[in-house]
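Thank you all for coming. I would like to walk you slowly through one structure, beginning with a sheet, then moving to a core and ending at a ligand.

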Amino acid sequence: MFKYSYPYGQDFPFVEIETSQCSARLSLYGAQLLDWTPKGQFPVLWMSPNAEFVAGKAIRGGVPLCWPWFGKDPTDGGRPSHGVARVSLWSLVSSEVLADGTAVLELALPASRPEDPSSRLRLELGQSLEMRLVTENGTMPLPFSAAFHSYFSVSNYARTVVTGLKDCPFTEFAADAVPHRESPLHPAGHIDRIYYPTKTVVHVADLEWQRVLCLTRSGSNSLVVWNPGAELAAGMADVGAGFESGFLCVETVTAPQEEVVLAPGAVHTMICRVAVSGIGC
Ligand SMILES: O=P(O)(O)OC[C@H]1O[C@@H](O)[C@H](O)[C@@H](O)[C@@H]1O
């Protein structure tokens, strides 16, 4: 049910998961879920066919964890964009399969110094998915942001509709964004939006696959919708021309705009649940 594999060498251990409810693949580098396919469904997560497995670089696809900051280094200290979690090797603390076939795994990223935060990720993988990221702060106040940077697999990005964001204010960061049809959102081309504040349930409907992904969140007051569009994707070595049409990132985020500061010893929990159903269910 759980099997280690090393298709990209010893620095990139994978845990392969096979249960009566789903199959999945988890990279301990980044604590990154790479695949999750509930039985009878198309894969829910998109992995780039051009993903690179290189120390210090984030893996393109699945669910990278942005932690303990989202976006650029808040200290301008030259640290990696989207934090250190996705370029660190995590340890697998526990793994079990429950009687109903749900796989439960827990991973940890300990702090290297007393003032730093530590993190635990708990994954529940079955017909639906729950991701729970628990941050325990160290001895210093910490300006904090984080994300489940989920790459959802879609039949065709241009036939994807996102509902649940009506009336939510957003900031668009794509300088060359083309107009998108709104309410519901039909993303087209480059899109890079942070919706804030929003705690709503969001649905990602795939008209061709007749599938809806239902996202519920807690400990997250922002949501990012991102796709690089054709031109940028063609210039990204780990995406490549044309592959942008196979995914849409809909990210559960605690954004820097929220100005969350964790007190010494404080605990922050962010959860994202993904349920899969047919259109009209
Ligand atoms: O290439 P990266 O670091 O994985 O980031 C991908 C994208 O991640 C999104 O969350 C950001 O809003 C985008 O601005 C960014 O381009």
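Before the sheet, a definition: two strands pair if DSSP finds at least two bridges between them, and strands themselves are DSSP runs of E with at least two residues, numbered from the N terminus. Please keep in mind that this is a predicted model, in which local features need pLDDT of at least 70 and side-chain atom pairs count only at pLDDT 80 or more, while totals for chains, interfaces and linings use all residues. Residues are numbered from 1 along each chain as its sequence is written.

Four strands make an open, antiparallel sheet in the order β1-β2-β3-β4. Because β1 (2-5) and β4 (32-38) stand at the edges with a single partner strand each, one side of each has no neighbour in the sheet. Between β3, residues 22-27, and β4 there are six bridges in the antiparallel sense, and S27 stands opposite Q32 in β4.

Of its 64 residues, L45, F152 and V250 touch the most other members, and strand β19 (residues 247-254) gives the most, with five residues.

Finally, which residues surround the ligand? With near meaning a C-beta atom, placed from the backbone, within 6 Å, they are A58, S81, H82, H149, F173, D192, V224, W226 and E251.

Methods:
Core = buried A, V, L, I, M, F, W, Y, C linked by C-beta atoms within 7 Å. Buried ≥ 20, exposed ≤ 12 C-beta atoms within 10 Å, placed from the backbone.
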